[in-house]
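Okay, thanks for coming, everyone. Let me put the structure up and walk you through a few spots.

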Amino acid sequence: MKFDPHIHSIYSCDSRSKPIDILIQAEKIGLDAIAISDHNEIKGSRIARSYGGSIIVVPSIEISSDKGHILGLGVDEIIPKGLSAVETVDRIHDAGGLAIVPHPFSYYRHGLFCNVDKNLGVDGVETKNARYIFGYSNKQAQTLAYNKRLATLGASDSHFIKSVGDAYTEVNTKGYDSVDGILKAIRHRRCKAVGHRTSNFLIAKEVFVKKVLRRYPKREE
């Protein structure tokens, strides 16, 4: 299965993508599953799951711990921001989810492993994040995953529609194509990161639209 586990919707403060448009784009480019992992928010994820359709939507949230960002993959509840990294991971596990570290060595994007011990009990790391400007961060994540026997995930970290699926995770669910099947496969490291980096030109263009032109679509209430 082709699974993009880290996509931002308009319910993150820095994305212009509506959940329905994310689903349309995911189907268009041949993804099988996605997770809308908004910053400290689950509304976009819930809206996407309410539509149904052929794309599997895994519940998720990107939590701002006091030392960096952590994805709660499979989590359908708000976990408070600002907790310690250890407590955030514990809360994710208590909620039945997987603790995945996005952009783990990217210091300018709140990379967790720039600030905490590498023995933190997480389940996986992004070894191919499509929004990296410099490739060394991905290489550091690959080395960590190998040494600590962590699941390796690819993710677009998309903040605009055209970047959905630029990087993604190939997941071997052994035929159990469902939310539980995806989570189990990642838990057992039956996954690998694939894809490519998002164009820096497209990222710069999107930043101009958001920061200068201030164009954001209306949210559903």
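This is a predicted model: local features need pLDDT of at least 70, side-chain atom pairs count only at pLDDT 80 or more; totals for chains, interfaces and linings use all residues.

Residues are numbered from 1 along each chain as its sequence is written, and side-chain values use heavy atoms, with hydrogens and water left out.

So, the inside. The largest nonpolar core has 23 residues, and Ile-70, Ile-92 and Phe-113 are among those with the most contacts inside it. Elements giving two or more residues to this core are α3 (85-94), β6 (98-101) and α4 (136-148). By core I mean buried Ala, Val, Leu, Ile, Met, Phe, Trp, Tyr and Cys joined through side-chain atoms within 4.5 Å; buried is under 20% relative accessible area, exposed is over 50%, and partly exposed is in between (1.4 Å probe, protein chains only). Apart from that core lies another, of 17 residues, including Phe-3 and Leu-153.

Back to Phe-113: leaving out residues up to four places away in sequence, its contacts (heavy atoms within 4.5 Å) include Val-101, Leu-120 and Leu-144.

Now, is Thr-88 buried or exposed? Buried, because its relative accessible area is 0%. Thr-88 sits in helix α3, and a polar atom of its side chain is 2.8 Å from the backbone oxygen of Ser-84. With the sequence neighbours up to four places away left out, Thr-88 also touches Ile-63, Ser-65, Ile-70 and Leu-83.

Ile-20, in helix α1 (residues 19-29), is partly exposed, because its relative accessible area is 33%.

Technical notes:
Helices (H or I, at least four residues) and strands (E, at least two) are DSSP runs, numbered from the N terminus. A polar contact is a pair of N or O atoms within 3.5 Å; within protein, one must be able to donate a hydrogen and the other to accept it, and residues adjacent in sequence count only if both atoms are side-chain atoms.
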